[in-house]
Amino acid sequence: MAAAEEEELVPPRLPELFETSKQLLDEVEETAEPTGSRRIQEKVSKGLALLNKATEMLSQLDLFSLNEDLEEIASTDLKYLMLPAFQGALTMKQVNPSERLEHLQWAREHFLNYLIQCQHYHVAEFELPQTKNNSAESNTAGSSMAYPSLIVMASQRQAKIERYRQKKEVEKRLSALQSVVESGEADDELVREYYLLHLRKWIGISLEEIESIDQEIKILREKDSLKEVSASHSSHEDRPLRKPFILTRNVAQAKVFGTGYPSLATMTVNDWYEQHQKFGALPDQGIAKKPSEVKRAAQQEKDQDQKEEEDDERTLQRAREWDDWKDTHPRGYGNRQNMG
């Protein structure tokens with residue numbers, strides 16, 4: 001009983017962490033269940049936790065050094081170079097929509113770390129994907145070229161064709177070596193070739209995943225920018241609508257000719273300017289007036305309009321009385337000085 005408890009307290013070794021996490025990754029990728037199911041997501045979380053422990057243990061053991069070459073690494077230790085690639089692959093399997101952008105960025109960083117590591121040890125010949133630094137350098141260099149986009153597209157297409165060809169060769173060779181290595185009957189040379197093939201396989205996978213991640217990140221950021229634009233538009237739409245009106249050249253045009261649209265109000269340019277000047281809404285008048293001042297100005301304008309209407313009525317009444325008087329009094333009436 002005590003021996004069993006001691007075995008449970010013993011932390012797992014690095015080979016056990018690697019094999020368990022690799023098995024979980026294979027189950028997640030090969031299963032027919034939806035990736036978002038609870039069972040699959042539990043495997044993803046468990047695999048990521050094991051990979052984090054394995055990465056910490058790997059740094060503590062200091063198995064790899066930047067000062068050594070690929071030939072100096074033991075054949076059985078080569079597989080641990082794939083840990084960042086496994087982390088990137090399982091991170092891509094997380095399905096929380098609210099954290100999708102963060103998951104993509106973490107996965108890209110894991111894949112890129114793996115590729116940098118493989119390039120340092122010269123595992124295979126390939127070009128690193130663009131980062132923030134080398135992207136700016138390539139854009140500066142490409143601006144002086146006549147057709148940089150066509151050249152880049154052609155080189156990317158050629159690289160994809162070459163990766164596909166290498167992928168088929170690697171898969172064919174791996175299928176031939178897998179049974180021998182897993183049975184434990186392979187010598188050191190076959191074991192080394194087997195793990196080197198796995199490293200090259202994950203180089204191709206990492207390059208393809210980073211290309212896919214960059215496209216998805218671009219789509220997500222464009223989607224966020226569209227949401228911001230729509231939100232700003234909705235805030236503008238919440239403002240109260242003003243009654244439409246038509247500007248006319250002068251008062252005569254407004255009173256005689258009208259606008260042709262009886263439902264619309266009519267005002268002259270001068271009327272519009274005077275109204276906005278009273279409200280303090282002109283650009284050169286700074287901040288608009290307070291509501292009380294606006295109300296007072298509106299009342300003054302109303303009184304002025306009413307006064308003008310009364311003056312117009314008085315003038316019209318006097319004109320009518322004068323016309324009536326002329327009808328009943330002939331011209332020269334009352335002038336008796338020149339009569340014979």
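In helix H4, the buried residues are Leu-83, Pro-84, Ala-85, Phe-86, Gln-87, Gly-88, Ala-89, Leu-90 and Thr-91. Here, buried means under 20% relative accessible area, exposed means over 50%, and partly exposed lies in between (1.4 Å probe, protein chains only). Helices (H or I, at least four residues) and strands (E, at least two) are DSSP runs, numbered from the N terminus. Because nine of the nine residues of H4 (residues 83-91) are buried, this helix is largely enclosed by the rest of the structure.

Before going on, a word about what you are looking at. This is a predicted model, in which local features need pLDDT of at least 70 and side-chain atom pairs count only at pLDDT 80 or more, while totals for chains, interfaces and linings use all residues. Residues are numbered from 1 along each chain as its sequence is written, and side-chain values use heavy atoms, with hydrogens and water left out.

Now let us step back to the whole chain. The chain holds eleven helices and two strands, and along the sequence they follow the pattern α-α-α-α-α-α-α-α-β-α-β-α-α. Of its 340 residues, 25% count as buried. The chain exposes about 25,100 Å², with carbon and sulfur atoms supplying 52% of that area; accessible areas come from the Shrake-Rupley method with a 1.4 Å probe, and for residues only the protein chains shown count as cover. A contact means heavy atoms within 4.5 Å. Among contacts between residues at least 6 apart in sequence, 59% join residues at least 24 apart.

Which residues does Phe-18 touch, not counting residues up to four places away in sequence? The partners are Lys-79, Tyr-80, Met-82, Leu-83 and Phe-86. Phe-18 and Leu-51 are 33 residues apart in sequence, yet their C-alpha atoms are 7.2 Å apart in space.

Next come the charged pairs. Side chains of opposite charge can pair when their charged atoms come close. A salt bridge is a side-chain nitrogen of Lys or Arg within 4 Å of a carboxyl oxygen of Asp or Glu, and a search of the whole structure finds 13 of them. One of these joins Glu-27 and Lys-43, whose closest N and O atoms are 2.9 Å apart. Glu-27 lies in helix H2 and Lys-43 in helix H3 (residues 38-61), so the pair ties together parts that are 16 residues apart in sequence. Glu-27 is partly exposed, at 28% relative accessible area, whereas Lys-43, at 16%, counts as buried.

Glu-42 counts as partly exposed at 46% relative accessibility, while Arg-38 is exposed at 69%.

Further along, Glu-162 forms a salt bridge with Arg-165, with the closest N and O atoms 2.3 Å apart. Both lie in helix H7 (residues 148-182), three residues apart, about one turn of the helix. Glu-162 is partly exposed, with a relative accessible area of 29%, and Arg-165 is partly exposed at 39%. Salt bridges that share partners also join Lys-160, Arg-163 and Glu-211 into one network.
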